[in-house]
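Here are my notes on this one, written as numbered points. Have the model open while you read.

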Amino acid sequence: MSSTESKPIAKTEPLRVLIVDDDREILSLLSEAFNGERWKVFTATDGTLALRIMSTEKFDAILSDMAMPRMGGIEFLGFAKGDNLNKK
């Protein structure tokens, strides 16, 4: 291959993102912002549901609201970090 020829770009899998927010409008806006070829979007309306989703799925990124009922964002992310460490 000469220096003027371009290398083929490898098709990569989309990055997986979990978005957690109890406000459905914000959840929808963030989902739309991340939806596309580069991202596969999963959503949850609270930390408890997000942890259930994480029990069967792996994620490259997590976006979480901090103030949610039942389980706040800090508590959720603490559990999520522990769960991710156990999956590696």
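What share of the 88 residues in the chain is buried? I'll come to that in point 1, after a word on the ground rules. This is a predicted model, where local features need pLDDT of at least 70, side-chain atom pairs count only at pLDDT 80 or more, and totals for chains, interfaces and linings use all residues. Residues are numbered from 1 along each chain as its sequence is written, and side-chain values use heavy atoms, with hydrogens and water left out.

1. Burial and surface. Buried residues come to 23% of the 88, with buried meaning under 20% relative accessible area, exposed over 50%, and partly exposed in between (1.4 Å probe, protein chains only). The chain exposes about 6,300 Å², and carbon and sulfur atoms supply 55% of that. Areas come from the Shrake-Rupley method with a 1.4 Å probe; for residues, only the protein chains shown count as cover.

2. Overall layout. You'll find three helices and three strands, running β-α-β-α-β-α along the sequence. Helices (H or I, at least four residues) and strands (E, at least two) are DSSP runs, numbered from the N terminus.

3. The sheet. The three strands form an open sheet in the order β2-β1-β3, with parallel pairing. β2 and β3 are the edge strands, each pairing on one side only. Two strands pair if DSSP finds at least two bridges between them.

4. β1 against β2. Strand β1 (residues 15-20) and strand β2 (residues 39-44) are joined in the parallel sense by six bridges. Within that pairing, Val17 has Val41 of β2 as its bridge partner, and Ile19 stands opposite Thr43.

5. Contacts along the chain. Take the contacts with a separation of 6 or more: 55% of them are between residues 24 or more positions apart. Contact means heavy atoms within 4.5 Å.

6. One residue to look at. Arg70 sits in the loop between β3 (61-64) and α3 (73-87). Its phi is near 70 degrees, a positive value in a residue other than glycine. Arg70 is also exposed, with a relative accessible area of 63%.
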